[in-house]
Amino acid sequence: MTERTAPTSPTPSDRTVLLRGGEVHSPADPFATAMVVERGHVAWVGSEGAADAFASGADEVLDLEGALVTPAFTDAHVHTTSTGLALTGLDLAGARTLPGALEMVRAHAAMRPAGEVLIGGGWDASRWPEQRHPTRAELDAAAGGRPLCLPRIDVHSAVVSTALLDLVPGITGLDGYHPDEPLTAAAHHAVRAAAHGAISPAQRTAAQRAALARAASLGIGSVHECAGPEISSEDDFLGLLELAADEPGPRVFGYWAELVANAKDAQRIRELGALGAAGDLFVDGSLGSHTACLHQPFADAPHTGTAHLDAAAVAAHVAACTEEGLQAGFHAIGDAALTTVVEGVRAAAEQVGLARVRAARHRVEHVEMLTPEALAAFADLGLTASVQPAFDAAWGGAEGMYAQRLGAERARTLNPYAAMLKAGIPLALGSDSPVTPLDPWGTVRAAAYHRTPEHRVSVRAAFTAHTRGGWRAVGRDDAGTLVPGAPADYAIWQTGELLVQAPDDRVARWSTDPRSGTPGLPDLSPGAQLPVCLRTVVAGRTVHVGPNA
């Protein structure tokens, strides 16, 4: 196999552009109104008066007309093909009832060619008044006897039709097969592979293109694709990297979730074009599907979930990756799963050295049930937490799904972003799209207005974690901010008054004073209109222009 390089460095534009007459969010000059981009990098930021000196040498002068310029967002956890399929196909996230969901399946089936496997997703029975999943008989009727795969919104279980089961020999003998319940574990992975294997290359490319276009339209300049053998396929992964390299759009940083034991395994990860053996390398499952691994049983089920890896496997993977200079990572949600990660990474550090483990910036996805002991260990081990604040917005609160699964007391401990930042844990924000939608400003708002007030962080901290944090998570400290020398990945926004918002009146009060020189950000308080993206630029090349630009 020929080694590939992940397309993280698109060919920069050779044009010089002067942007002026707006607000430029830059730590280099908190009052900047203008910026010069040259050869795909930020060359200068400063005041309107000083901008005159650059006008004659610019190939283009863009009047911002008061618009806001910020670094482009990085979504640190995306499933691109599945996102595109949800955008272009059957997305049940909007279904308000079980009968409504079944009617959406019927309508979708009627529109698709007769021989096509039907794929959807996004359903969440905890939001339906019926409080139950569709039965196989109901799916068979709604799909007209055709193969149908409907992963739950968290993509850790799925309901399927009989016709799809018939395409998977031996399915009833696999772990996670339940005749009258959603499929989990190996059975879920098998039906998912069968369904996605039936997608044509043209369908797959169209879905990927749609997902990247949506990302660009929202001011997202880069995404972290979390792929792996239990999630997608090598063809899907390689096709995405090739598409991102060949067409203008967001950068794609790829991760492949497969265990590494030696140099040969590490080389294979690199040959795929992946930055690391990380992303959704499952230590456990999800809370919604009752597959997160817990220390104590679920409040609404008599078990503690599912463990996919033990501490020894975590240690072996981290040690091998560290030795080979490769980033390692895991998916871990439950408190027991996070304990496993901490014990494994600590054992690896004892083997190869703590300094080397910290320098590798290994990462963990989701990190929801972080105990105080695990939190301290994350900071000590230098682990990056790739988190999704929209999870709390969707399922947090006293009446939310988390409280149903865990009870109110345990649910209140989830996603402790303020404590994580206070401990010095690097955060990278993302969506896990299509689990929750691509929505960067909504993600920042969700972190700043966490349903549990003590877990809230400032808008500025959340914004930084969704811009610079994503770059740091891939080992880049020179990007995600608009300062001279940084890559010219930026977005232009139509927005209202800029503010400096703290999580409450006691925190960072000084920074609301204009004399502090803290750059402002849009008002993200609940109910406020979110900014509208006018233009997205990657490496100095425009990848999206909105209708109002």
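Two rings of Phe, Tyr or Trp (for Trp, its six-membered ring) count as an aromatic pair if their centres lie within 6.5 Å, and planes under 30 degrees apart make the pair stacked, over 60 edge-to-face, and the rest tilted. In this predicted model, where local features need pLDDT of at least 70 and side-chain atom pairs count only at pLDDT 80 or more, totals for chains, interfaces and linings use all residues. Residues are numbered from 1 along each chain as its sequence is written, and side-chain values use heavy atoms, with hydrogens and water left out. A search of the whole structure finds 11 aromatic pairs.

**Phe-73 and Trp-493**
- Phe-73 and Trp-493 form an edge-to-face pair, with 5.9 Å from centre to centre and 75 degrees between the planes.
- This pair links distant parts of the chain, 420 residues apart, since Phe-73 lies in strand S7 (residues 73-78) and Trp-493 in strand S18 (residues 490-494); strands (E, at least two residues) and helices (H or I, at least four) are DSSP runs numbered from the N terminus.
- Both Phe-73 and Trp-493 are buried, a term for under 20% relative accessible area, with exposed over 50% and partly exposed in between (1.4 Å probe, protein chains only).
- Ring pairs also link Phe-73 and Trp-493 with Trp-441 and Phe-463 into a cluster.

**Phe-237 and Trp-256**
- The pair of Phe-237 and Trp-256 is tilted because the ring planes stand at 50 degrees, with the centres 5.4 Å apart.
- Phe-237 is in helix H8 (residues 234-246) and Trp-256 in strand S12 (residues 251-256), so the pair ties together parts 19 residues apart in sequence.
- Phe-237 is buried, with a relative accessible area of 0%, and Trp-256 is buried at 1%.

**A charge over a ring**
- Arg-363 lies over the face of Tyr-255, 4.5 Å from the ring centre, where a charge counts as over a ring if NZ of Lys or CZ of Arg is within 6 Å of the ring centre and within 35 degrees of the ring normal.
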